[in-house]
Amino acid sequence: MSHVASPETLVLPSGLALGYVDGQLALSGDERQYGKPLSVDFAAGKAAHRRQFGGGRGQLVAKACGLAKGITPSVVDATAGLGRDAFVLASLGANVLLIERVAAIAALLQDGLARAAKTQTTAEIALRMTLRHGDAAKQLAALVESAAFDPEVIHLDPMFPHREKSALVKKEMRVFRELAGDDDDAPRLLEAALDVATHRVVVKRPRKAPPIDGPAPQHTLEGKTSRYDLYVHRSLARR
């Protein structure tokens, strides 16, 4: 459940391969279809830029997860993907448990975290990030327990049809869909999160999409292209 399979043992869809590219574990395929090799790099590129110039606790994901002056909750990112939101939250001081159900993506995360732990600018942040491989819709409580983690906030970002104009994003999403398909179990994932979270569940959605089937969110935070639906059990405490 917590073990991330070694890259050599993973079975991938035809057309995709997992191997090292420039010292980073990467998923590669026909670039015309899938774009450039997909890897996790927390120390450089977009992650580094967002860490330095992203807006700190003013970022939508930070506000949704309740990070504020004197309030830094522990967050379970139950749909971790490439760890981008989790890294932002960890860079702002939160302890974050990343849960990823796709074995190949979990392997990329594990490789990215290992390199981040050895890099001066990200080592301290990486210490606040814990990875588990498993299906949060089916195993959320057990995965959280296995990490001895306090699930104050649970962050969900179920896969939805992206409409970004960037061809790069579309190709990246194509890789995810090849590996994971759509998140047809989003209502079950929300139900599990509401059972496990002690304080709140936050769900990222396209700005105009309906909420996930289930209880109505008590609050929403809107951005330009996406929004967060907030399901609040109780207020987060200052400490």
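Helix axes here are lines fitted to C-alpha atoms over the stretch in contact, and angles run from 0 to 180 degrees between N-to-C directions. Helices (H or I, at least four residues) and strands (E, at least two) are DSSP runs, numbered from the N terminus. With those terms, helix H7 (residues 136-146) and helix H9 (residues 186-196) pack at an angle of about 20°, their axes 8 Å apart.

This is a predicted model: local features need pLDDT of at least 70, side-chain atom pairs count only at pLDDT 80 or more, and totals for chains, interfaces and linings use all residues. Residues are numbered from 1 along each chain as its sequence is written, and side-chain values use heavy atoms, with hydrogens and water left out.

**Overall**
- The chain holds nine helices and nine strands.
- Of its 239 residues, 50% count as buried (buried is under 20% relative accessible area, exposed over 50%, partly exposed in between; 1.4 Å probe, protein chains only).
- Take contacts between residues at least 6 apart in sequence: 65% of them join residues at least 24 apart (contact means heavy atoms within 4.5 Å).

**The H7–H9 pair**
- H7 and H9 are roughly parallel to each other (angles under 35 degrees count as roughly parallel, over 145 as roughly antiparallel, 65 to 115 as roughly perpendicular and the rest as oblique).
- On the H7 side, the contact uses Ala-136, Ala-137, Lys-138, Leu-140, Ala-141 and Val-144. They meet Arg-188, Leu-189, Ala-192, Ala-193 and Val-196 in H9.
- By class, this contact of H7 with H9 has nine nonpolar, no polar and two charged residues (Ala, Val, Leu, Ile, Met, Phe, Trp, Tyr, Cys and Pro count as nonpolar, Asp, Glu, Lys and Arg as charged, and the others, Gly among them, as polar).

**Nonpolar cores**
- The largest nonpolar core has 51 residues (a core is a set of buried Ala, Val, Leu, Ile, Met, Phe, Trp, Tyr and Cys residues joined through side-chain atoms within 4.5 Å). Leu-27, Phe-42, Cys-65, Leu-89, Leu-98, Leu-108 and Met-129 touch the most other members.
- Helix H5 (residues 103-117) gives the most to this core, with eight residues.
- A second, separate core has 25 residues, including Ala-136, Leu-156, Leu-190 and Ala-193.
- Leu-98 touches Asp-77, Ala-80, Gly-83, Ala-86, Leu-109, Met-129, Thr-130, Leu-131 and Arg-132, leaving aside residues up to four places away in sequence.

- Asp-77 lies in strand S3 (residues 75-77). At 2% relative accessibility, Asp-77 counts as buried.
- Leaving aside residues up to four places away in sequence, Asp-77 touches Asp-85, Ala-86, Val-96, Leu-97, Leu-98, Ile-99 and His-155.
- The C-alpha atoms of Asp-77 and Ile-154 are separated by 6.0 Å, although the two are 77 residues apart along the chain.
- Six of the eight residues of helix H4 (residues 84-91) are buried, so H4 is largely enclosed by the rest of the structure. The buried ones are Asp-85, Ala-86, Phe-87, Val-88, Leu-89 and Ala-90.
- Just after H4, Gly-93 takes a positive phi of about 105°.

**Positive phi in loops**
- Asp-22 is not a glycine, yet has a positive phi of about 50°. Asp-22 sits in the loop between strand S1 (17-21) and strand S2 (24-28), and counts as exposed at 78% relative accessibility.
- Ala-148 is not a glycine, yet has a positive phi of about 50°. Ala-148 sits in the loop between H7 and strand S6 (153-156), and is exposed, with a relative accessible area of 73%.
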